[in-house]
Amino acid sequence: MKKLIRLLIITLLLFIPTFKGVNALDIYLFYGDGCPHCADEEKLLDSYLKSSDDVVVHKYEVWNNKDNAKLVKEVADIMEVKFVGVPYIVIGDKVISGYMDDSTTGEQIKSYINIYRNEEFTDRVGEYIKTGKVIKKDEPTEPKKKDEKVSFKVFGKKYTVNPRTVSLPLISVVLGLVDGFNPCAMWVLLFLITMLFNMKDKKKMWILGLTFILTSGLVYLAFMLSWFNLASLVPKLSLLRFIVALVALGAGIFNINNYIKSLSKDDGCEVVDDKKRKRIINRIIKITSNKKFIFAFFGIILLAATVNLIELMCSIGIPLIYTQILSMNNLSTFRYMIYMLIYIVFFLLDDILIFAISMKTFKVTGISTKYTKYSHLVGGIIMLIIGILMLLKPELLMFNF
Amino acid sequence: MKYVMISAIWCPACIITNTAMDKVVEEKHITVEKLDYDFDDISKYNVGKILPEIIVYKDDKEIGRIIGEKNYKDLCMEIDKYEKVD
């Protein structure tokens, strides 16, 4: 176990510096649903930026969305280029209104993207959207810093990273790990492993166990995506962030309180809800003793989905807060997915380790309740800090150093 | 001295204590009856809300309980304490 933990730490250290140290260029596209020129422009951007991860296109629909319609007029005032219709795109310090075709406007867009990828400029639209601060064209400001990098050494090798690109992966790893230690659904996995041992067919045991773990991850991902979609629909400085901040504060206090209470109690498993547990135990026995593998397979999927949905309420705080942080960072869909997957992988890591070790040794392995206790404390402190930042200094969670 | 250990399959603390108990049994040659919280009749033991629970008997009379997760070292200390009781 100690070896595995050491391996995990080394993997983490190696994992972090692999992220590219570049600063993203944010461009802002205002479009209308059903507008053919907007569709052409979007198509061009999608194909041109397909393999680029250093440009983020923020899209705002203005025909049906009143808030966005208001925003585009405010942006037009800031950029001093009148808004006469869609598409209206802001790239760096330049505005392109309308779209002729790929060979004219398309080429102009590509050239602006390439200029502002490397040139320092003040992201006035981004600043306005995030903070509400209006910066006029000739106002002297600190330009957006490019290539602000930090260097450090791992195993004698020098790595250079940009804090912005490291912060989100790091927060995904930390929150995923802390959330993973949550014991709510762990008991089901432990019971399932023991019952799988009775099957005596290693291949089937691996398939069923991994199906349970993967389905648990998918349920979590589905929850996070739903919350993310909801968060994206609501305008920026909204009530939603305030609510999530309150959830973070509440969950933080609850977790720290749990930790304090656990200090005066014996370490061990608390027996709660006998009826619910026995119902789930009976279902697992029924599934694993089913002679037809296909029924057992779908039974496990159903079991994992229902158990995780029920137990989600037990650990809703961290994924909720994490998704809110992602939505505050205006990333490309690709990046959102990557970060969510990182979170899920680290969330499932302890389950995967326990399952793999148990399968290899044919003996159930458990993580000490002492670690679970500390995860309450660490999780509580992190949630409390994030809650306070969300309320008082949300820009610090946007990682725009 | 007789020990009755009540644990559950789904409980990580029980798994850890069980492993430690197996080692103690092997070394100290004590008698332990293991019961499962969900599958055995444990109603007469009046088990609390924290698992595992080890009930210690001397001449069929309960003289103490070891409650919660114990590693090998802690469990040895607890068992030694009871084994010294006259």
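How many helices and strands does chain B have? The legends below take up this point and then turn to other parts of the predicted model.

View 1. Chain B comprises two helices and five strands. Along the sequence, these elements follow the order β-α-β-β-β-β-α. Among the 86 residues of chain B, 33% count as buried. Of the contacts in chain B with a separation of 6 or more, 67% are made by residues 24 or more positions apart.

**View 2. The side of chain B that touches chain A.** The contact draws on 17 residues from chain B and 20 residues from chain A. Helix 1 (12-28) and strand 3 (50-51) of chain B each contribute at least two residues to the side of chain B that touches chain A. Helix 1 of chain B gives the most to this side, with five residues. By residue class, the side of chain B that touches chain A is made up of 13 nonpolar, one polar and three charged residues.

**View 3. Strand pairing between the chains.** Strand 7 (residues 269-270) of chain A and strand 3 of chain B run antiparallel and are joined by two bridges. Within this pairing, B:Ile50 in strand 3 of chain B stands opposite A:Glu270.

**View 4. The largest nonpolar core, with members from chain A and chain B.** This core holds 47 residues, of which A:Leu189, A:Leu190, A:Phe191 and B:Cys11 touch the most other members. Helix 7 (residues 186-197) of chain A gives the most to the core, supplying nine residues. When residues up to four places away in sequence are not counted, A:Phe191 touches A:Ile281 and A:Ile284 as well as B:Ile9 and B:Trp10. A second, separate core has 31 residues, including A:Leu168, A:Ile171, A:Leu175 and A:Met383. In soluble globular proteins, nonpolar side chains tend to be buried together.

View 5. Is A:Gly217 buried or partly exposed? A:Gly217 is partly exposed, because 19 other C-beta atoms lie within 10 Å, whereas a buried residue has 20 or more. Apart from neighbours within four places in sequence, A:Gly217 is in contact with A:Ile344 and A:Leu348. A:Tyr343 is 126 residues from A:Gly217 in sequence, and the two are 9.7 Å apart in space, C-alpha to C-alpha.

How values were computed:
Residues numbered from 1 in each chain as written. Chains lettered and ligands numbered in written order. Predicted model: local features only at pLDDT ≥ 70, side-chain atom pairs only at ≥ 80, totals over all residues. Helix = DSSP H or I, 4+ residues; strand = E, 2+ residues; numbered from the N terminus. Buried ≥ 20, exposed ≤ 12 C-beta atoms within 10 Å, placed from the backbone. Contact = placed C-beta atoms within 7 Å. Core = buried A, V, L, I, M, F, W, Y, C linked by C-beta atoms within 7 Å. Nonpolar A, V, L, I, M, F, W, Y, C, P; charged D, E, K, R; others polar. Pairing = 2+ DSSP bridges.
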